[in-house]
There are 2 protein chains.
Amino acid sequence: MDSDVFEDSEFERRTERAQRLMREHRLDALLLTSQPNFRYFSGFDSQFWESPTRPWFLIVPAEGRCIAVVPELGAPLFEKKWIQDVRCWPSPRPSDEGVSLLTDALQSLPHPFSRIGLEMGRESTIRMPLNDLLELRNRLRGIELVDGSPCIWKVRAIKSPAEIRCIRQICQIASAAFENLPQRLAIGRSEIEVCKDLTIDLLKRGADTVPFMAAASGPGGYAQIISRPGVRRLQDGDVLIIDVGATLNGYFCDFDRNYGFGKLSRGALSAQQAVWEATEAGIAAAVPGSRTSDLWAAMMKVLERAGMPGNNAGRMGHGLGLQFTEPPSNMSDDHTVLEEGMVITIEPGVEYEKGKMIVHEENVVVTSNGAELLTRRAPCVMPIV
Amino acid sequence: MDSDVFEDSEFERRTERAQRLMREHRLDALLLTSQPNFRYFSGFDSQFWESPTRPWFLIVPAEGRCIAVVPELGAPLFEKKWIQDVRCWPSPRPSDEGVSLLTDALQSLPHPFSRIGLEMGRESTIRMPLNDLLELRNRLRGIELVDGSPCIWKVRAIKSPAEIRCIRQICQIASAAFENLPQRLAIGRSEIEVCKDLTIDLLKRGADTVPFMAAASGPGGYAQIISRPGVRRLQDGDVLIIDVGATLNGYFCDFDRNYGFGKLSRGALSAQQAVWEATEAGIAAAVPGSRTSDLWAAMMKVLERAGMPGNNAGRMGHGLGLQFTEPPSNMSDDHTVLEEGMVITIEPGVEYEKGKMIVHEENVVVTSNGAELLTRRAPCVMPIV
C-alpha cells in the first residue's frame, strides 16, 4: 500500500486540490473506477486489478476523505489506512456487483449541483461493465453523470515532491541499467535475450515492476517502436532501441536508449545527431509558461534544420506519472501551459528513410529554474558494440 | 505478435466460432476495444496498451476476417499478418480519436440485424473514452449497440489445443519455480525479497511476464490473499502464501503455494490438510457435464466435514486464459456446465480463525477423461523451512 510510502497529508492535499477544482466544475463528487485514479486518491495498491471479475469504486466527495466501495476480499487492505469509510459487498455477485451499494453511497452525499464526474473523457476509461453503469445512471434519478476527466487530469498533472522523488528514483535505476547494458550486448544475440537480461537487471536494481519494454532493431534504424522484443538477432550495422517503462511505488519512468552494432551507416549517424540535438532543444524549452506546442516547435526546428522528417508517433513526448503516458502531448495542436511540478518526456524521433527510425527520450520535471533531468542524459554518440 | 506462435487457422477457427454465435445472438458484428479480446481474435500483441492515449479497435464482422481500426504508429505490426484490412488514423488526435474511421467501418458492414455487440456485460470493460462511445452511438443511426459479452466469453471459454499448450507450459514453468523456492526461503527474509527472487527465477525459466504476484504471511495463516509482497519478515510459526500469475504468449497460469516456517500450529496443519483434500475433490469433480456449482459443492463438503468455514474470496476457482481470471466462477449460484477444453482453477480456501486463512490452488483443463492437471500437484504436506 502506498500509505507505507506516502504520508496521509499527501492524500489530503491531493483530495483538497481535487475538491477545489470540483467546485469550479460544479461537481458534487468524482466517481473513480480505474486503477491509477483509485490509487492516486487512496494509496490503494493491489495487483488484483489484473482480474476483471470485481470492480473497485472510489468516491471523492465535495468535502472530507474519500469513500471506498469495494469487494469484501479487499477490505483488510484498508485497515488502519487513510481511507476510513470502506463499504463492502460479497463479490463475485454478478447480479449486483456493487451497484446497489454504490448507488446508496452516491445518493447519500449532499448534491448541490446534482452532477457527478466520471472518467469519461480524453485518455480515460471507466473500469466497470457498461451495463452496470447504465443501471447506476437509472437509479441515480435527478443526478447527472458528467465528464470529470479534465478535473482529474488537472490534479494529477502537477506532481508533488514525494511523487517526483519516486519518478526520479525509477529514472535513475533505469539509467544505471541502460548504462550497464552494453556488456550484455553482442552481435548474434536476440532482442528477447537482451531484454530479458535488462528486465532482470532492473528488478535487481530496485524496480518494482517492468510493465513496458518495447524493443526494435534493424540496419541503421527500426520500422516501429511499439512491439515487444522479437526473435531477431542483432547484426553488424544495426541500431537497437529499447524503450522502458519500469515502476517504483506505482510511478513510471518512460525513456529509451539506442545502441549501435559494428559499423553504422552515415544516415543513421546523422539521424542520431539530429535527435540528440532536438532533445537538447526540447529540454531547454521546458520552462514554466511554455506551451507543449512550443516544445514541439523547438524540437521540430532542429530536425528540419538537419533535413530530417518526423516519425509516425504523432507527438514528441507526453506527461508521465502513475501511468506510462499521461496528458498533455508535445504536439503542434496541444497548447497546454507548462507549470512547475509537471513531469514530461522529451521524445523527438525521425524516420530518415522508409522503415528507418531513430527516436530519443528523456524525462524531466518542470521547475522554476527550467527543466530538471530525472534521467541521466544519453551520450551524444550512441554506444557502439 | 501471436501470429508467430499460432497458425492463421487458429484465428480463423476463433472467428468462425464467434460468427456462429453472433448469428444466434442476432449481431451484425462485434466491436472489441480491450486488450485480451483484441489479442484473442487478431494475435496482435503490444505493450502499448499501457498507454491510455490511443484506443485500438477490432471489428469481428458476420463473415470474413476481422478489421483493425488502429493508430498509425501500430500499422507496421500488422504487416504480413492474418488481419489484412487495417485502417489507420494519425494519433493522438483527441478531437477525433478514431471515431470517424470506426463509424465508417461499422456503417459499411451489412446490417441485417442492425445490432452491434460491445464488451458491455459481466467481467468486461470498454477501453475507449465513454464520450467517444456516446459520439459513436449518435453517429450510428439505426444501429443499436448491445451487449456482446455473453457471445465473447462463450467463445473464449473453450480453449484450443494450442492455447492449452501455452497454459500448460507456463503452469509447468511456475511449478518448477515454486519447487525451487524453498532454497531461497529463510526466517528473517522479507516477503519482498523472496518474491523478487521468485520473479527473476520465473523469467529465467521462460515466463514472458509476471503481471501478478500476491504474497501474504502470518502466524499460522494470513488475513488476505490479494496484496503485493510487503516488508514483513518471515518468522517461526508463519505460513507464507505466494499466488502467481505469470504469462507465456499472453496466457496466464494462476496458482499459489504455501510454505511453513519452523513449528506450525495444529490449527494451521489441520487447515492445510482440509484444503488439500478439498482440492482433490474439486479436481475429481471437474468433468464434462458437471456444473461449476457442483465443483463448489464438492469442495465445500470436504471443508465442512473438516469443520472449516470458507474464506471471503466468494468463490473457489474460476476460468483462466488470456486473463488472469475469466468466467465462470466456482460458486453456489454459478451453474455453468463444464465442457471439454475449459481451463479452470480449483481454489478452495478457509479462514479457520479470524485473520488466519489457508488457500490452495491448482489449474486444470477439462477433458473427456476428466480434469487433467496443468500444474504439478502441490504436496499434501506443505514444505517446511
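**Helix packing and sheet order in a predicted model**

In chain A of this predicted model, Arg14(A), Arg17(A), Ala18(A), Leu21(A) and Met22(A) of helix α1(A) meet Cys151(A), Lys154(A) and Val155(A) of helix α5(A). Sorted by class, this contact of α1(A) with α5(A) comprises five nonpolar and three charged residues, with no polar ones.

The geometry of this helix pair can be described through the axes. Helix α1 of chain A covers residues 8–24 and helix α5 of chain A covers residues 149–157; their axes come within 10 Å and cross at roughly 140°. Angles over 145 degrees would count as roughly antiparallel, and α1(A) and α5(A) are therefore oblique to each other. The crossing in which α1(A) passes α5(A) is right-handed.

Attention now turns to chain B. There, six strands make up an open sheet with mixed pairing, and their order is β4-β3-β2-β1-β5-β6. Strands β4 (85–89) and β6 (144–147) of chain B form the edges, each pairing on one side only. On average, neighbouring strands of this sheet are turned by 25° against each other, direction ignored.

Strands of a sheet pair through backbone hydrogen bonds, in either a parallel or an antiparallel manner. In chain B, strand β5 (residues 115–118) and β6(B) run parallel and are joined by four bridges. Within β6(B), Asp147(B) is the residue that stands opposite Leu118(B).

A helix also lies against this part of chain B. Helix α2 of chain B, residues 35–42, lies across the strands β1 (29–32), β2 (57–61) and β3 (67–71) of chain B. Relative to β2(B), helix α2 of chain B runs at about 50°.

Technical notes. Residues numbered from 1 in each chain as written. Chains lettered and ligands numbered in written order. Predicted model: local features only at pLDDT ≥ 70, side-chain atom pairs only at ≥ 80, totals over all residues. Pairing = 2+ DSSP bridges. Helix = DSSP H or I, 4+ residues; strand = E, 2+ residues; numbered from the N terminus. Axes fitted to C-alpha atoms, helices over the stretch in contact; angles between N-to-C directions. Contact = placed C-beta atoms within 7 Å. Parallel < 35°, antiparallel > 145°, perpendicular 65-115°, else oblique. Left-handed = near helix turned anticlockwise from the far one by under 90°. Nonpolar A, V, L, I, M, F, W, Y, C, P; charged D, E, K, R; others polar.
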